[in-house]
Amino acid sequence: MTYEDRRWHVPEDDLRAYARGGLEAPALWSADTHLMACAHCRAVLADLGDPVAPDAGWERLDAELDAPRPGLLESLLLRLGVRDHTARLLAATPALRRSWLGAVTAVLLLTVAVTVGRTESGRLTFFLALAPLLPLAGVALSYGPRMDPTYEMAVVAPMHGFRLLMIRTVAVLTAGLGLNGLATLALPGYGLLALSWLLPALALTATALALSARLGPVLAPALTGGGWLALLVTADAVRSGGQETLAPFTAAGQGVSAAVAGLAAGLLVLLRDRFDLSRDPAV
């Protein structure tokens, strides 16, 4: 009898449990220590183990190594409890890319600089006209086959098309309205008038979303933005000589914007099922 035969070995039942990953401490610790020095038990363990398991383990490791690393936004969403597929679709929103956000920031900084540089008799018209269009443009870029490079992934995602649209819209609005709000803080001399872009921005966004159920995610925001510019030109043409503020930014205009936003939001809910039908690449 050799020394290897006389020494203590891990019982076979324990080795089976060890191979399945079901051996509990402290027997697990004892088996780990013993296996490092005992070739006999390692050979028995190799015979007891599933020969396919190592290959499957290597495949899982390769898949994990090849998987794309989540970016800053996606990592933050995962930490907040957002499901991984939702976080990936949200982080892939084109309008949330650094290039888009940087461009919006640059436009707002330029607009604020122009507004502040005006004379005391100057007006906020330029800033108030532009600010509602930026969230609208972001929404136009957030969904649809022509703008979204991850559209195919969005189509097969396990979620309602309307829900995906709303998730991305809320994210884009949060970013866009947040940047607009920061720009507004740089215009304290105008008081509450500097905030009169907010309700028009919500009205334009809600209207574009409601129209996109029939017109698509590009044409609807384009027509809505064109309508906004036409409204401003008309308001400028018909205002009286002593009136400095355009009609959409007066109290009455703000009330109309709120009503339009509410009606468009209601229409959007009624048409929510159309967003699944419009997930055709031809749209």
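Helices here are DSSP runs of H or I with at least four residues, numbered from the N terminus, and with that convention Leu209 lies in helix 13. Before I go on, please keep in mind that this is a predicted model, in which local features need pLDDT of at least 70 and side-chain atom pairs count only at pLDDT 80 or more, while totals for chains, interfaces and linings use all residues. Residues are numbered from 1 along each chain as its sequence is written, and side-chain values use heavy atoms, with hydrogens and water left out.

Let me stay with Leu209 for a moment. At 6% relative accessibility Leu209 counts as buried, where buried means under 20% relative accessible area, exposed over 50% and partly exposed in between, with a 1.4 Å probe and protein chains only. If we set aside neighbours within four places in sequence, and take contact as heavy atoms within 4.5 Å, Leu209 is in contact with Val139, Leu165, Met166, Thr169, Leu268 and Phe275. One of these, Leu165, is 44 residues away along the chain, and its C-alpha atom is separated from that of Leu209 by 8.9 Å.

Turning to the nonpolar core, by which I mean a set of buried Ala, Val, Leu, Ile, Met, Phe, Trp, Tyr and Cys residues joined through side-chain atoms within 4.5 Å, the largest has 26 residues, and Phe127 and Trp197 have the most contacts inside it. At least two residues of this core come from each of helix 8 (98-116), helix 9 (125-130), helix 10 (133-140), helix 12 (161-185), helix 13 and helix 14, and helix 9 gives the most, with four residues. With neighbours within four places in sequence again left aside, the contacts of Trp197 include Phe127, Leu128, Leu177 and Thr184.

And where is the charge pairing? A salt bridge, defined as a side-chain nitrogen of Lys or Arg within 4 Å of a carboxyl oxygen of Asp or Glu, turns up once in a search of the whole structure. Glu12 pairs with Arg16, with the closest N and O atoms 2.8 Å apart, and both residues lie in helix 2 (residues 12-20), four residues apart, about one turn of the helix. Glu12, at 44% relative accessibility, counts as partly exposed, and Arg16, with a relative accessible area of 38%, is also partly exposed.
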